[in-house]
Amino acid sequence: MKMHYDVEGGEFINVGTASSQFKKTLKMLGIGADIIRRISISMYEAEINMVIHANGGSIDTEITPERIHVVLQDQGPGIENLDLAMKAGYSTASRQAREMGFGAGMGLQNMKRNCDELQISSVLGEGTRVEITVYLNQES
Amino acid sequence: MSYTHSVTLDWEKCIGCTDCIKRCPTEAIRVRNSKAEIMNDRCIDCGNCIRVCSSHAKKATTDPIEMMADYKYKVAIPAPTLYTQFKKLRNPNIILTALKKMGFDEVFEVALGADVVTEYSKLLVQEKKVQLPMISSACPAIVHLVQMRFPTLIPNIMPVISPKEAIARYARNHLVKKGIPSDDIGIFFISPCGAKVTDTRDPEVFDTSMVNGVFSMKEIYLYLVPIIRELGEDEVEVLQMGSANGIGWAAIGGESTASEVYNRVAVDGIENVINILERMENNKLDVEFVEALACVNGCLGGPLTVENSFVATNRMLKIRKYLQFKGKTRDLNILDSSVSLDWDRQLSNKQVMKLDEDMFKALEKMERMEALYETLPQIDCGSCGSPTCRSFAEDVVMEHARIEDCIFMLREQVRKMAEDMVKLAEKLPPSIRTKGKGGEDE
């Protein structure tokens, strides 16, 4: 089953709407609590990144009995150095975002820790694509 | 069927409007046959529908006061909220004495239960027996909310029984030791809300409550007012045993203050609580303790209270001030280390939002739901009796509603039918049609 969400940029107040809706869907499907927690944390982090750095974008989700797959695509500035970005505490977030409590540089770490597969591809000046996968078979 | 919630509907008064369905945090109400029906397994007893109903058709059921007569030895355990309901009254002993005059043989305060629970919770945190951030287990509506909508947070709920249950256990234990047969003892909780009725009749974390009945604070208030008016100063007994901090639990922030947790969030009002729990679920709440109460201003805002909760909050401050300088407490210890404050079993995961036990089927239903939702007006008008277009789509897929229940879909069908009729009406039989009109061969 596929779903699509559009994420607005610059909207710090309501950030996380798509993740929150998706979470509701997963609960209705009766997916295990631990899996919901992991995919929600990863997707939420990725959604925040899209809002903070890329002025929004789109999210496509796919749920099968085997896995949950989430693709976040933006047309933002892209990530200059992916290895550096993956480091804990490294952040290029704006002052405004930091003042709102975002941009602590832990986002990618959190994502990686909570999902089974994380793929990030980015082209400078064109955008970033984040793919998150969580497998369902470990739990009910 | 087990007892699931305290909210009942006065069928005469309900006009079938959309006030309550819109404000229910678990989408547990549907208007059917012009009446707001509650889906029993989804109601968390938060009391929102009681508050928003402009026809006063919803109320929380409590036990009848006559129930006192069933027991030889009657014990009142008032929630501290009761102290804030009376004008110009600062001394809890006056209210506790009035309760005895009303017919109770003994009075023990839930505030004392709160004191004990505070200490025990602190111990659990110190010994790292809990998962941070801890969510207070004091409000049964919040516990139910977590079980239903935030099952991932069940391990974060403080595994301690409520102050009401704690004091009931101590009270019974104390009186039985004094030689009163347990069957003769009737313990009655004076409650600010219906959630605690449910929590007493059908407890989540142990089998049987030590509380025999739950009375509505509103009703007890009416009995107490004339008694308090007549009460002479010299008649006031010293009955208070709970501390100002224990009494403070009734207000939002009270439990946190009592537990001296600095790194905390104290949140009241069910919608606000949902926002905080959402954040917590996303791992974005860097606190140690979440005090969450379903009612605005905490228990002081309970649906069975008399006074406006903001006024009651002001009184709470005055009572605390009074106790600081003039409070008198009773010289009696009913606490006993043999009484357990632990849960007997873990909280269950109540995934009532689940579409189907079988995930394949659930996925298939979800797909149909999404497809149907796309065709709906998406303005959440509520005319179909479901709170939102999305929940309506769910109801249709679950076969609890028909597509035609949506007036927009119905109108669309009528329009199509009218178009078809016009088309049919234009089709004249060959005997009367003139060339080029009403025929097929134009």
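Lys23(A) lies in helix α1 of chain A, which covers residues 17-28, where helices (H or I, at least four residues) and strands (E, at least two) are DSSP runs numbered from the N terminus. In this predicted model, local features need pLDDT of at least 70 and side-chain atom pairs count only at pLDDT 80 or more, whereas totals for chains, interfaces and linings use all residues. Residues are numbered from 1 along each chain as its sequence is written, chains are lettered from A and ligands numbered from 1 in the order in which they are written, and side-chain values use heavy atoms, with hydrogens and water left out.

With a relative accessible area of 1%, Lys23(A) is buried; buried means under 20% relative accessible area, exposed over 50%, and partly exposed in between, with a 1.4 Å probe and protein chains only. Leaving aside residues up to four places away in sequence, Lys23(A) touches Ile36(A) and Ser40(A) as well as Glu278(B), Glu281(B) and Asn282(B), contact meaning heavy atoms within 4.5 Å. Lys23(A) also belongs to a network of salt bridges that links it with Lys27(A), Glu278(B) and Glu281(B), a salt bridge being a side-chain nitrogen of Lys or Arg within 4 Å of a carboxyl oxygen of Asp or Glu. Side chains of opposite charge can pair when their charged atoms come close.

Of the area that chain B buries against chain A, 25% is supplied by Asn282(B), Met359(B) and Met366(B), more than by any other three residues. The count between chain B and chain A is 5 salt bridges, and one of the pairs joins Glu45(A) to Lys284(B), whose closest N and O atoms are 2.8 Å apart. There are also 9 residue pairs in polar contact between chain B and chain A, both residues being at pLDDT 80 or more; a polar contact is a pair of N or O atoms within 3.5 Å, where within protein one must be able to donate a hydrogen and the other to accept it, and residues adjacent in sequence count only if both atoms are side-chain atoms.

Chain A itself has 5 helices and 5 strands, which run β-α-α-β-β-α-α-α-β-β from the N terminus on. Its C-alpha trace spans about 40 × 30 × 25 Å along the principal axes of chain A, and buried residues make up 54% of its 140 residues. Among the contacts in chain A with a separation of 6 or more, 64% are accounted for by residues 24 or more positions apart.

Within chain B, Ser136(B) lies in the loop between β7 (134-135) and α5 (140-149) and is buried, with a relative accessible area of 1%. A polar atom of the Ser136(B) side chain lies 3.1 Å from the backbone nitrogen of Ala138(B).

Over all chains, the count comes to 34 salt bridges. The side chains of Asp395(B) and Arg32(B) meet in one of them, at 3.7 Å from N to O; Asp395(B) lies in helix α14 (residues 389-397) and Arg32(B) in strand β2 (residues 29-32) of chain B, so the pair ties together parts that are 363 residues apart in sequence. Asp395(B) counts as buried at 2% relative accessibility, and Arg32(B) counts as buried at 18%. Another salt bridge joins Arg345(B) and Asp207(B), at 2.6 Å from N to O, with Arg345(B) partly exposed at 35% relative accessibility and Asp207(B) exposed at 60%.

Key. Buried area is the accessible area (1.4 Å probe) that two parts lose on being put together, summed over both.
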